[in-house]
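Dear colleague,

I am passing on a structure that you have not seen before. Please look it over first, then read the notes below it.

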Amino acid sequence: MANWDVVIGLEIHAQLATKSKIFSGSATAYGAPPNSQADLVDLAYPGVLPVLNAEAVRMAVKFGLAIGAVIARRSVFARKNYFYPDLPKGYQISQYEQPVVGKGSLNVVLDDGAVKTIGVTRAHLEEDAGKSLHEGLAHATGIDLNRAGTPLLEIVSEPDMRSAKEAVAYMKKVHTLVRYLEICDGNMQEGSFRCDANVSVRPRGEAKFGTRAEIKNLNSFRFVEKAIQYEVARQIELIESGGKVIQETRLYDSDKNETRSMRSKEEANDYRYFPDPDLLPVQIEETFIEAVRATLPELPDEKAARFARDFALSAYDAGVLCASRELGAYFEAVVQTLGAAHAKLAANWVMGELSSALNRDNLEITASRVPPAALSGLLARILDATISGKIAKDVFEAMWRDGKTADDIIETKGLKQITDTHAIEGVIDAVIAANPKQLADYRAGKDKLFGFFVGQVMKATEGKANPAQLNELLKAKLSGGKEPV
Amino acid sequence: MTMLHNLSIGELADRLAGRQISSVELTRHFLARIERLNPRLNALITLTAAEALAGAAAADRRLAAGERGRLLGIPLIHKDIFCTDGVRTSCGSRMLDNFIAPYDATVVTRLKSAGAVMLGKANMDEFAMGSSNETSYYGPVKNPWDTSKVPGGSSGGSAAAAAARLAAYTTGTDTGGSIRQPAALTGVTGVKPTYGRVSRYGMIAFASSLDQAGVLAASAADAAAVLQVMAGFDPKDSTSVDAPVPDYPALLDAPLKGLKIGLLREFFDGLEARNAALIKDALKVYTSLGADTMEVSLPHLPLSVPTYYVVAPAECSSNLSRFDGVRFGYRCPAPVDLNDLYKRSRGEGFGAEVKRRIMTGTYVLSAGYFDAYYLKAQKVRRLINDDFRAAFQKVDLVLGPTTPTPAFAIGAKIDDPVTMYLNDIYTIGANLAGLPGISVPCGLVDGLPMGLQLIGPHFSESRLLGAAHQFQRATAWHTKAPGGYE
């Protein structure tokens, strides 16, 4: 492994969030009864013709602008010819030699915090195919053409990634971006965002790429990582044992965690691409590009840089908070009420308690059971020392469960922190009096027993003693008014 | 009194408007002619008599309500390449013998709303691939002038029906001459408009970048009235052009004085003397009408046939992939697996000429051959286009024969595709360049009609129709009917 370089390129298919299909008026909603969203154009009836959905072009241009890519003033739809029952016309309309989006790039932050630029070769528009259904049909295959004609943006990267982790970081970045741009819902279970990975290995230091295998249709970040890891290991093992990697298409089996050969280059289709004579070349004017540019939101990298700068957050924290537009908005709403000075506290809570609660209940940030105002209400009570950070976690759980405000919960449960010096001293005195042996040991130099006394006081106050005050007072009491040894 | 079927569309419209005849009577008249004459010709493959009479009755109601229209209540026959809602649309193929179209082509919709009455569907070469109407699954169409001769193709049924006056006019499509060549061989007027002038939606595709719908009729004036309704932008066809449609009938008499007509030098190479003489005669007619004539050259035109036979098969090989036995059309009995379903459905559903073109097209698009054939053909296509453009810098329209010879015998060329393909040598150029063309009868050779072809710049249909119309006012060739069909 150490003697090998890994080279990875991804082809990401992002389903564009248009209301209707790319060349017909049919709806694109997911999960409708089979063939209820397929009209004569989708069924490829004799005589029908495709008409390009301008919204799909607008979305592609939006993506192109977001990655700083060249937008082609003229792009051409081509036919990719092959026979398959879920491909009604016998060809897929795609873009081949002249895609709408040319070269661009985006930055990913690696685990060690380093920033790496990944090149995007091109992004082109195409239509999705339908799907074959086998379940519940004896001696027959059903064809569902609801998905046929759904617009896809195929985003092709340069072979710039050097590990499975980099590939995942890149894919996540694209995922973040398309959702920021609101051009794709990013739903990977439903297949709205998926990728093919081109993987090859070469001896370390070698300039020439090795022979690549293409792993088809990976629809989760985890599968991308595992499939690539498996494939890299397979290729290295193959070469080291004297074999040769052949150019082929492979499928990843997530149950067995392995890739399997689907078809070799020799068996590959000759797609006989040629410009589709039913569609005119897409001409894009400068004014159109500028109009689209004006609709671009603040992009993830810009937002993360602003968070890092304005809120004094680490690049890592800022990056996590900007992973989705909604998460960033939530965080900003919290900070707005709390004040920028306390942004780090807000960041910790959003990335910590809030994120784990969302994950646990499998909720999107927009469906959070604790809205931003409620979270800032809670954090304000930490800041004004009404409750400790530890108690706050319990309060948060109660808020999540009951949907009440932090103040309600603190009030009804009597969780208000004890900050009265005399009250805390009283408890400390009682604890010391009840534990003479521990006191003697502590005074004899067993410093670790300090924690024991803290625990006892907290137990007695049900955790409400102000931790800072407690520490100070306890130290003084334990040392018996003398300076500690 | 002139028989109803010999009246012009304008005259029929006047009589319908004056309530001298009803659309139902007119429709019955044509249905009776079809019943009597079609068995000799095989021009119609589907008769829709009941629907026609219902449509005629509806047109009569509209007429009675005071509505007027150039085509209202007037019967036509559609080439069976146009989808007609609820009516079999076979495209001349076994593949679609069982196909009832679930919608109307835009051409059909437009004519239907104008009150046109469809009598039936016309025979044609299978998927419009042929120049003799011998490739039809439904058997060859006979030429009314001599039933041992072909009527031309692929709109052979439409041409024979128009020549035999089985309807007031017929629709056709022209990919490499499929309207003009059969119009010439049957002595009728055939118009192939500019590419994009008429919607292709609902017209079963052969070669998408070349296909164009048009009309076959007894005269340029009749064709003008029909084209007026057919033409126009259609949002369902991205290649249709959003440009206003001129009032073709109103512009028919625009003076020809000073019109510059170019005689196409390349069209006379190897043309038989008697045919050449007819074209020269036509030129004299134009001179007498005040036009200036000069010779022009399209040096790349001789390459049009090989270019066409790369481009058209390439597009057809892809266009016809949808006929796979899965969703509609012919499906082979008891397929054992998917490949068997594909192979047998297509092998049994398509005829020899269609298969030949699919194979040719698949070949020229294949990896390793694409550059040498498809790309090269596209380059030549551009050169031919440039030739025409240069010619139209000098002249307003060009003139020549529509075909090298009059109608040939059924069976004479069907086994020799290359000879058959050369029959389209004069018509293909206009398709490759997307130009409008018209063929008008200009004389007889051995008792068979010959066609004069006029080709103009893009969207010059009114000029072409006007030139054809004024030629027809000065001559009587278009009024000659084949014996037995007067």
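The notes below go through what was found.

This is a predicted model, in which local features need pLDDT of at least 70 and side-chain atom pairs count only at pLDDT 80 or more, while totals for chains, interfaces and linings use all residues. Residues are numbered from 1 along each chain as its sequence is written, and chains are lettered from A and ligands numbered from 1 in the order in which they are written.

The chain contact

The contact between the chains takes 25 residues from chain A and 34 residues from chain B; two residues are in contact if their C-beta atoms, placed from the backbone, lie within 7 Å. On the chain B side, helices H9 (304-319), H10 (338-349) and H11 (352-365) each supply at least two residues. Helices (H or I, at least four residues) and strands (E, at least two) are DSSP runs, numbered from the N terminus. H9(B) gives the most to this side, with three residues. The side of chain B that touches chain A divides into 18 nonpolar, nine polar and seven charged residues. Here Ala, Val, Leu, Ile, Met, Phe, Trp, Tyr, Cys and Pro count as nonpolar, Asp, Glu, Lys and Arg as charged, and the others, Gly among them, as polar.

A helix pair in chain A

In chain A, helix H10 (residues 389-402) and helix H11 (residues 406-413) pack at an angle of about 110 degrees, with their axes 9 Å apart. That makes H10(A) roughly perpendicular to H11(A) (angles under 35 degrees count as roughly parallel, over 145 as roughly antiparallel, 65 to 115 as roughly perpendicular and the rest as oblique). Axes are lines fitted to C-alpha atoms, for helices over the stretch in contact, and angles run from 0 to 180 degrees between N-to-C directions. Val395(A), Ala398(A) and Met399(A) of H10(A) meet Ala406(A), Ile409(A) and Ile410(A) of H11(A). The residues of this helix contact divide into six nonpolar, no polar and no charged.

The sheet in chain B

Chain B has an open sheet of eleven strands with mixed pairing, in the order S1-S3-S2-S4-S6-S5-S10-S11-S9-S7-S8; two strands pair if DSSP finds at least two bridges between them. Strands S1 (44-47) and S8 (292-296) of chain B stand at the edges with a single partner strand each, so one side of each is left without a neighbour in the sheet. On average, neighbouring strands are turned by 30 degrees against each other, direction ignored.

S4 (residues 169-173) and S6 (residues 213-217) of chain B are antiparallel and share five bridges, where Gly172(B) has Gly214(B) as its bridge partner. All five of the five residues in S9 (residues 397-401) of chain B are buried (20 or more other C-beta atoms within 10 Å of a residue's own; exposed is 12 or fewer, and partly exposed in between, with C-beta atoms placed from the backbone). S9(B) runs parallel to S7 (residues 260-264) of chain B, joined by three bridges, and Ile261(B) stands opposite Leu397(B). With S11 (residues 448-455) of chain B, S9(B) pairs in the antiparallel sense over four bridges.

Backbone points

The peptide bond from Gly153(B) to Ser154(B) is cis, with omega near 5 degrees. Phe127(B) has a positive phi of about 50 degrees although it is not a glycine, and Phe127(B) is buried, with 32 other C-beta atoms within 10 Å. Ala385(A), also not a glycine, has a positive phi of about 65 degrees; with 14 C-beta neighbours inside 10 Å, Ala385(A) counts as partly exposed.

Regards
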